[in-house]
Amino acid sequence: MVNDQLVEIPRCDWEEWRDLYLRDWPQHELAYNTVQNYINWSKRDPKIKDLSIYSLNGSWRENGTFVIIDRIDLYMHTLEESFDTLRRALELVDWDYYYVAVMCQYESLLFETFKKLNVKIFVARPNIMYFLPKEEALQFTIQLPEGLRFGPLQPKHAKVINDLWPHRETGSEFSLERLIRWNVSMGLFDDKEDGKLLGWCLLMQKGVMGTLGVAERRKGYGALVVKGFAKKLAEIGLNSYASVLVENDASNALFKSIGFKAIGQVNWIRNCERKFVEWSSGAELDFN
């Protein structure tokens with residue numbers, strides 16, 4: 001029996017790999033979006049640092065299973081109902097280091113893997129996933145108050161957003177700047193105050209709205225940005241998705257009021273580094 005190994009998916013096969021997920025949307029749409037994201041990014045930088053895209057034993061054509069490690073971000077998907085290939089692939093990840101499983105829909109499988117390999121959970125944040133079809137977003141009529149305008153974010157805005165982002169950590173400003181440079185984004189600006197940034201939203205690697213934020217609360221800026229961004233995404237042919245913390249009542253109410261429908265639950269899961277268990281043990285959640 002051949003030992004399992006993680007094998008990188010060659011760049012020349014990425015378009016074929018992407019098209020495996022042209023089925024049963026929205027179930028597999030985010031996998032399609034993720035692969036398309038890295039196709040787009042590879043055209044900008046053919047040698048993206050700290051990016052590894054794996055299948056198990058090169059079997060991606062047979063089961064559509066992948067594990068992507070992008071710096072600390074971890075993405076995974078499979079077309080297998082049994083999840084067996086994904087389970088075996090996850091057992092080969094080097095969990096001596098920490099990763100964040102982004103919008104993970106396989107939390108039970110990941111927790112089972114952690115239990116088997118003695119990996120501790122640093123934090124797990126359940127989120128509700130929302131969906132809005134592009135056909136509905138195209139119907140939005142948006143009236144901006146006088147002096148306000150929509151526009152793309154600029155790299156300089158990464159620091160502003162990161163400083164106000166409650167989930168910021170080491171390296172997050174770089175990640176935000178990369179998203180701003182390489183993906184579509186939405187900013188709400190006040191031209192009466194020299195183009196002050198009032199609200200923002202970015203498109204994450206999975207094709208999901210992320211890091212929604214405003215400079216001032218209770219002004220309606222969040223709703224304007226979400227509607228404006230959803231319409232912009234629809235105009236370039238994309239459906240809109242959003243991931244909102246279960247306990248974030250205000251954001252959940254916002255997306256529902258705009259017309260987004262809840263389609264399931266995902267989780268943002270960060271493990272503790274096995275090399276530094278003593279350092280992180282005070283904050284861990286033990287699923288063993």
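# Contacts, a pocket and backbone details in a predicted model

Colleague: Which residue forms a salt bridge with Arg-88, and how far apart are the closest N and O atoms?

Modeller: In this predicted model, Arg-88 forms a salt bridge with Asp-4. The pair links distant parts of the chain, with Arg-88 in helix α4 (residues 84–90) and Asp-4 in the segment before β1 (6–8), 84 residues apart. The partner is Asp-4, and the closest N and O atoms are 2.9 Å apart.

Colleague: Are Arg-88 and Asp-4 buried, partly exposed or exposed?

Modeller: Buried means under 20% relative accessible area and exposed means over 50%. Arg-88 has 23% relative accessibility, so Arg-88 falls in between. Asp-4 has 24%. Both residues therefore count as partly exposed.

Colleague: What separates Arg-87 and Asp-84 along helix α4?

Modeller: The side chains of Arg-87 and Asp-84 meet in a salt bridge, at 2.4 Å from N to O. Arg-87 is partly exposed at 28% relative accessible area, and Asp-84 is partly exposed at 27%. The two residues are three apart in helix α4, so the separation is about one helical turn.

Colleague: What is the N to O distance between Glu-216 and Lys-219?

Modeller: Glu-216 is partly exposed, at 31% relative accessibility. Lys-219 is also partly exposed, with a relative accessible area of 47%. Their side chains meet in a salt bridge, with an N to O distance of 3.1 Å.

Colleague: Which residues do salt bridges with shared partners join into one network?

Modeller: A search of the whole structure finds 17 salt bridges. Among them are the bridge of Arg-88 with Asp-4 and that of Arg-87 with Asp-84. The network joins Asp-4, Asp-84, Arg-87, Arg-88, Glu-91 and Lys-116.

Colleague: Over which rings does Arg-270 lie?

Modeller: The charged end of Arg-270 is 3.8 Å from the centre of the Tyr-98 ring and sits over that ring. Arg-270 also lies over the face of a phenylalanine, at 4.4 Å from the ring centre. The rings are those of Tyr-98 and Phe-122.

Colleague: Is the aromatic pair of Tyr-38 and Trp-41 stacked or edge-to-face?

Modeller: The whole structure holds twelve aromatic pairs. In the pair of Tyr-38 and Trp-41, the ring centres are 5.4 Å apart and the planes make an angle of 75 degrees. Planes over 60 degrees apart count as edge-to-face, so this pair is edge-to-face.

Colleague: Where do Tyr-38 and Trp-41 lie, and are they buried or exposed?

Modeller: The two residues are three apart, about one turn of the helix. Both are in helix α2, and both are buried.

Colleague: What kind of aromatic pair do Tyr-130 and Phe-255 form?

Modeller: Tyr-130 is in strand β6 (residues 121–132) and Phe-255 in helix α10 (residues 249–258), so the pair links distant parts of the chain, 125 residues apart. Both residues are buried. The centres are 6.0 Å apart with 15 degrees between the planes, and the pair is stacked.

Colleague: Which helix gives the most to the lining of the second largest pocket?

Modeller: The pocket has a volume of about 340 Å³. Its lining has 21 residues, and those nearest the centre are Asn-33, Gln-36, Asn-40, Leu-203 and Leu-238. With eight lining residues, the helix that gives the most is α2 (residues 29–44).

Colleague: How do the lining residues of that pocket divide by type?

Modeller: Two of the residues nearest the centre are Leu-203 and Leu-238, and Leu counts as nonpolar. The lining as a whole divides into nine nonpolar, nine polar and three charged residues.

Colleague: Which two residues does a cis peptide bond join?

Modeller: Pro-26 lies in the loop between α1 (14–18) and α2. Omega is about 10 degrees for the cis bond, which joins Trp-25 and Pro-26.

Colleague: What phi does Asp-24 have?

Modeller: Asp-24 is placed in the loop between α1 and α2. Asp-24 is exposed, with a relative accessible area of 52%. Although Asp-24 is not a glycine, its phi is positive, about 50 degrees.

Definitions and conventions
Residues are numbered from 1 along each chain as its sequence is written. This is a predicted model: local features need pLDDT of at least 70, side-chain atom pairs count only at pLDDT 80 or more; totals for chains, interfaces and linings use all residues. Side-chain values use heavy atoms; hydrogens and water are left out. On a 1 Å grid over the protein atoms alone, a cavity is a set of points where a 1.4 Å probe fits but cannot get out, and a pocket is an open set with protein on both sides within 12 Å along at least five of seven lines; lining residues have an atom within 4 Å of a point. Grid points are joined across faces, edges and corners, and a volume is the space filled by probe spheres set on the points. Helices (H or I, at least four residues) and strands (E, at least two) are DSSP runs, numbered from the N terminus. Rings of Phe, Tyr and Trp (its six-membered ring) pair if their centres lie within 6.5 Å; planes under 30 degrees apart count as stacked, over 60 as edge-to-face and the rest as tilted. Buried means under 20% relative accessible area, exposed over 50%, partly exposed in between (1.4 Å probe, protein chains only). A charge sits over a ring if NZ of Lys or CZ of Arg is within 6 Å of the ring centre and within 35 degrees of the ring normal. A salt bridge is a side-chain nitrogen of Lys or Arg within 4 Å of a carboxyl oxygen of Asp or Glu.
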